[in-house]
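Me: I would like to learn how to read the features of a structure one at a time, with the general idea before the particular case. Could we begin with how strands are paired?

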Amino acid sequence: MSLDFAWVQSADSVYAEIMDRLNVVFGHLSSSVTTHDVAASASPSDDIVVVQALRTPIGKAKRGSFKDTYADTLLSHVFKAVIKDVGVNPADIGDICVGTVLEPGCNTARFAQFYSGIPETVPCTSTNRQCSSGLQAFMNVAGSIRNGQCDVGLAAGVESMTKNEMLRKGMDLNPHVFEDEKAAQCLIPMGITSENVAERFGVSREKQDRFSLRSHQNAHKAAVSGLYDAELVPVTTKIVDKDGNERTITVTKDDGIRPSTTMEGLGRLRPAFKEGGSTTAGNSSQVSDGAAAVLLARRSEAERRRWPILGVLKSYAVEGCPPDIMGIGPSVAIPSALKKAGLTVRDIDIFEINEAFASQAVYCMEKLGIPLEKVNPKGGAVALGHPLGCTGARQIGTLLHELKRRGKPAYGVVSMCIGTGMGAAAVFQYQA
């Protein structure tokens, strides 16, 4: 009896793939990583671990709780909270990186550092990769640790969309930008890129509104159940009313969650960016103010200091995509990050995918075959808001505190689209 040669080759290939996958999974169980990137470690002691991740409540820009609060003040609140909670000596922090999109220069980060009692000997910088800036700040500090610059670092994200306009008038652009098709597409308003995704990939208005309704419902349920408590830092600040009267308030919850949201109410909203379009104020992320911070360390250092380990970085990927449909970014970044970690969609318990627009979040979820129940179980940016530079750092805390609450070893993914056409994703593990 003879066997078909092609069948034998196919079986061998499947066997090899299974063995490769088992090797990666067993490597994860022993806390090692087989990929060659910033997340990779030669031994478990070199793992990049998250010690704590905290955030301010998120305020509505222009009219919310933080409309009269500066970004550096918000940032200092989360710096101080993380330092106090962990009990780290501020002088022992080896590097600081802050993600921010609209704040000018590095001053905001350095100001907040000094407000927080972190000495001048600690280096500090800021980074801007659009909506992934908070996650990029985390990866920059992770790189500092992996490269031996330091053993402990502080990553953060902040944005005051009240104090800084997204569209700055009078920008002097190189005329050549408009002569290059792809360069010109980088200037397409984000709302129009959402419309492009909806039209090109058939994401209906009903799907977008239903996803947005779920975001508010999940966020409200999480808020009233206390599921945000572990990640939230109350902020006492000043606010000025319409008559110019100043008073002190303590902000303990997110401004943007609307428990009264209904499909009927969402359906009555007019398209916000294009006549006859499907993207509305109700199925887009809210313009917001907020800050988040993450203390990370080399595993050996965290263990030496007897710090708790909230999560372990397993892989990271950032990928490019067409600027005119920038919202599809997570659909190209997530597979790359999962491949580096030796995992599949089935292995992930929670996907924290930024809801810049419901159109792109729905597309990415459907494209990758991610079950809805795994996506943003505590709500996302449609309900909470999207302070641009803050979001990536906020998502890390939201993910890891929820995995910890569930109490079993699990993997989670943080991902977002990026203006000008990119996507970023990171895989984390909670080891229980």
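Reply: Two strands pair if DSSP finds at least two bridges between them, where strands (E, at least two residues) and helices (H or I, at least four) are DSSP runs numbered from the N terminus. This is a predicted model, in which local features need pLDDT of at least 70 and side-chain atom pairs count only at pLDDT 80 or more, while totals for chains, interfaces and linings use all residues. Residues are numbered from 1 along each chain as its sequence is written, and side-chain values use heavy atoms, with hydrogens and water left out.

Me: In which sense do strand 11 and strand 12 pair, and over how many bridges?

Reply: Strand 11 and strand 12 (residues 422-430) pair in the antiparallel sense over 9 bridges, and Val414 has Ala426 of strand 12 as its bridge partner. The two strands form a hairpin with 3 residues between them, and in the turn Thr420 has a positive phi of about 80°. Strand 10 is joined to strand 11 by 5 bridges, and these two run parallel; Phe351 stands opposite Val413 in strand 11.

Me: Which residues lie on each side of strand 11, and are they buried or exposed?

Reply: In a regular strand the side chains alternate between the two faces of the sheet. Residues are called buried under 20% relative accessible area, exposed over 50% and partly exposed in between, with a 1.4 Å probe and protein chains only. In strand 11, Ala410, Gly412, Val414, Met416 and Ile418 are on one side and Tyr411, Val413, Ser415 and Cys417 on the other, and all are buried, so that both faces are covered. With 9 of the 9 residues of strand 11 (residues 410-418) buried, the strand is largely enclosed by the rest of the structure.

Me: What is Arg394 in contact with, beyond its neighbours in sequence?

Reply: Contact means heavy atoms within 4.5 Å. Arg394 lies in helix 13 (residues 391-406) and is buried, at 3% relative accessibility. Leaving aside neighbours within four places in sequence, Arg394 is in contact with Arg55, Ile58, Glu231, Ala292, Glu352 and Leu384. Arg55 in turn lies over the face of Tyr228, at 5.1 Å from the ring centre, a charge being placed over a ring if NZ of Lys or CZ of Arg is within 6 Å of the ring centre and within 35 degrees of the ring normal. Lys163 lies over the face of Tyr70, at 4.2 Å from the ring centre.

Me: How many aromatic pairs are there?

Reply: Rings of Phe, Tyr and Trp (its six-membered ring) pair if their centres lie within 6.5 Å, with planes under 30 degrees apart counted as stacked, over 60 as edge-to-face and the rest as tilted. The count comes to 3 aromatic pairs, among them the edge-to-face pair of Phe273 and Phe357, at 6.2 Å centre to centre and 85° between the planes. Phe273 lies in the loop between helix 8 (263-267) and strand 8 (288-298) and Phe357 in the loop between strand 10 (348-353) and helix 11 (358-368), so the pair ties together parts 84 residues apart in sequence. Phe273 is partly exposed at 38% relative accessibility, whereas Phe357 is buried at 8%.

Me: What is the mean pLDDT of the chain?

Reply: pLDDT is the predictor's confidence in each residue, from 0 to 100. The mean for the chain is 92, and 89% of its residues reach 70 or more. Over residues 1-11 pLDDT stays under 50, and the model has 1 contact beyond four places in sequence for them.
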